[in-house]
Amino acid sequence: MTDLLFQQVDVFSSQPLGGNPLAVVIGADALDEAQMAAFARWTNLSETTFLLQPRAPEADYRVRIFTPTQELPFAGHPTLGTCHAWLGSGGRPRGGEIVQECAAGLVRVRREPGRLAFAAPPLRRTGSLEPDVMARVVAGLQLAPGALVDASWVDNGPGWLAVLLRSRDAVLALRPDYPAIAGMRVGVVAPWDGEADGQDAQFEVRAFTAAGYEDPVTGSLHAGLAQWLIGSGIAPPMYIASQGTALGRRGRVHVVQDGTGLWVGGAVTICIAGRVTL
């Protein structure tokens, strides 16, 4: 048996229980892959991460990311949550930015006031949806004629595609037919109306996973969405997106495009801290 430090954090929320939860096991170098996978199945969260000593000389730490069914090379909210746990357990970056090593390579993370942000990876697939894919999405989201404004692939690894609707109310009213979009990762976005919806955010987002459930707040989707929205002039170089509203969450994702890259950030809150025996 191995006794290890453990945290469960809430990502993309400055208040507990408002964002997307993540389990983090700190100093997990003694665990093997089977133990990591078993613990991720047991937590039954969308992701569980394991903090390890880096192998790459440029990296500050290494992370392995597991869902209950598979290991992921990279994911957004696990990156921010793991970095927060690393800093909180005494981690000190070698340079101005923090460098995370994961199966996808090296990921830059920077500290901003009240939050962390990761550099968005490049898109692997862009452009219009194929007609058969578009037909499945329209049917699966049960969209009324004229509801769809635009659509695009925004795939930076997981396979996300995205559709743009006219209003926040239209996004929140969606009741997907999950069997119709089985195996697809569908993001939906629409602008907020400043007068009707307020000034707390500029876009509303929902994420429907290939496994048939809605994800509360999704860093990888926002990283892809931002490149599409900013690149097409739909969004400014700096904005805030809301996600999780339909699930009773209050996620806020901060997007900034500057001379150093496109950054996707949010607050991280510790909800549980202690030890785990594996």
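Student: In this model, does R252 count as buried or exposed?
Tutor: The model is a predicted one. R252 has a relative accessibility of 13%. The cut-off for buried is under 20%, so at 13% R252 counts as buried.

Student: Which residue does R252 meet in a salt bridge?
Tutor: R252 lies in strand 15 (residues 251-258), and its partner lies in the loop between helix 5 (194-197) and strand 12, so the pair ties together parts that are 52 residues apart in sequence. The N to O distance is 2.6 Å, and the partner is D200.

Student: What is the distance between the closest N and O atoms of E71 and R64?
Tutor: E71 counts as partly exposed, at 29% relative accessibility. R64 counts as buried, at 17%. The two form a salt bridge, and their closest N and O atoms are apart by 2.9 Å.

Student: How many residues of strand 3 are buried?
Tutor: In a regular strand the side chains alternate between the two faces of the sheet. On one side of strand 3 are T48, F50 and L52, on the other T49 and L51, and all of these are buried. Strand 3 covers residues 48-52, and its buried residues number five of five.

Student: Which residue of strand 4 stands opposite T49?
Tutor: Strand 3 pairs with strand 4 (residues 61-66) in the antiparallel sense, over five bridges. Within strand 4, the residue opposite T49 is I65.

Student: What is the handedness of the β-α-β crossover from strand 2 to strand 3?
Tutor: Strand 2 (residues 20-26) and strand 3 run parallel and are joined by three bridges. A23 stands opposite T48 in strand 3. Between the two strands the chain passes through helix 1 (residues 33-43), and the crossover is right-handed.

Note on methods
Residues numbered from 1 in each chain as written. Predicted model: local features only at pLDDT ≥ 70, side-chain atom pairs only at ≥ 80, totals over all residues. Heavy atoms only, no water. Salt bridge = Lys/Arg side-chain N within 4 Å of Asp/Glu carboxyl O. Buried < 20%, exposed > 50% of the residue type's maximum accessible area, 1.4 Å probe, protein only. Helix = DSSP H or I, 4+ residues; strand = E, 2+ residues; numbered from the N terminus. Pairing = 2+ DSSP bridges. Right-handed = clockwise from strand over helix to strand, strands pointing away.
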